[in-house]
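Q: I would like to learn how to read the features of a model like this one. Please take them in turn.

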Amino acid sequence: PRDFLVTSEEYAEDDDEEDDDEEDDDAIEIEEKEAAAKATAEEHADKEEGTKLTVSFDYDAAEDWQLSVLEGESVRMVTDPGDGWAEVVNSKAKKGFVPRDFLVTSEEYSAMAEDGDDEEDDNGEKDGEELEAIVEVIESDEEENSAAAVNAAKESEEREAAEAEAEAAATDKETEEKNAAEAAIKAEKEAEEKKAAEAAAAAVSAAQEAEEKEVAAAAAA
């Protein structure tokens with residue numbers, strides 16, 4: 001088709017017009033998105049501005065634009081940009097930003113407090129049970145230690161009695177050995193005395209016989 005044919009200048013002009021149209025469309029789309037986002041932010045801010053909220057945790061301001069708050073303190077939200085920080089004003093009319101997550105409704109804070117009380121009660125009961133268990137263990141250990149002490153004392157007495165008995169037996173054995181040694185010495189001495197007496201008697205008898213022989217010989221002569 002002849003209409004599809006243009007000069008290079010006409011083609012360049014048409015291309016520039018298309019680019020301009022696309023840029024205009026992109027700009028319009030961006031403006032529409034920004035307007036929608038602004039409208040949403042304004043709607044959100046209008047909804048929560050001036051809302052009375054309760055601080056759920058203490059927060060110490062680290063910058064001049066921030067505000068220090070205490071747990072349980074009531075504040076009013078001024079703006080919520082949606083970046084994790086919320087501008088609030090306290091009862092002293094001081095204004096500043098605090099972490100958005102630190103702000104809850106009074107109902108939410110009451111529920112948190114109740115949960116905390118229940119947890120404390122549970123912890124208290126658990127601590128009491130643990131304490132009772134510890135006391136039982138201590139008492140059991142004391143009973144075991146007492147029984148062990150009694151057994152140890154009894155064993156010590158029995159050991160001392162056995163040692164005393166063994167010592168007495170050793171003493172008796174030593175006495176018996178001493179008596180046996182003395183008896184052996186006495187018997188040996190008696191045997192020697194008996195032997196000496198017998199020798200003396202034999203000598204006297206021999207002397208007497210010799211004398212009698214001499215007398216008989218003299219009488220015969």
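A: Start with strands: they are DSSP runs of E, at least two residues long, numbered from the N terminus. The model here is predicted. In it, Asp 80 sits in the loop that lies between strand 2 and strand 3.

Q: Is Asp 80 buried or exposed?
A: The cut-off for buried is under 20% relative accessible area. Asp 80 has a relative accessible area of 11%, so it counts as buried.

Q: Which side chain makes a polar contact with the side chain of Asp 80?
A: That of Arg 100, at 3.2 Å.

Q: What is the order of the strands in the sheet?
A: Two strands pair if DSSP finds at least two bridges between them. Here five strands form an open sheet in the order 4-3-2-1-5, and the pairing is antiparallel. Strand 4 (95-99) and strand 5 (103-104) each have a single partner strand, so they stand at the edges and one side of each lacks a neighbour in the sheet.

Q: How many bridges join strand 1 to strand 2?
A: Three, and the two strands run antiparallel. As for a particular bridge, Lys 52 is partnered with Arg 76 in strand 2.

Q: What is Val 75 in contact with, leaving aside neighbours within four places in sequence?
A: Its contacts include Leu 53, Val 55, Val 69, Val 88 and Leu 103, and also Lys 52 and Asn 90.

Terms used: Residues are numbered from 1 along each chain as its sequence is written. This is a predicted model: local features need pLDDT of at least 70, side-chain atom pairs count only at pLDDT 80 or more; totals for chains, interfaces and linings use all residues. Side-chain values use heavy atoms; hydrogens and water are left out. Contact means heavy atoms within 4.5 Å. Helices (H or I, at least four residues) and strands (E, at least two) are DSSP runs, numbered from the N terminus. Buried means under 20% relative accessible area, exposed over 50%, partly exposed in between (1.4 Å probe, protein chains only). A polar contact is a pair of N or O atoms within 3.5 Å; within protein, one must be able to donate a hydrogen and the other to accept it, and residues adjacent in sequence count only if both atoms are side-chain atoms.
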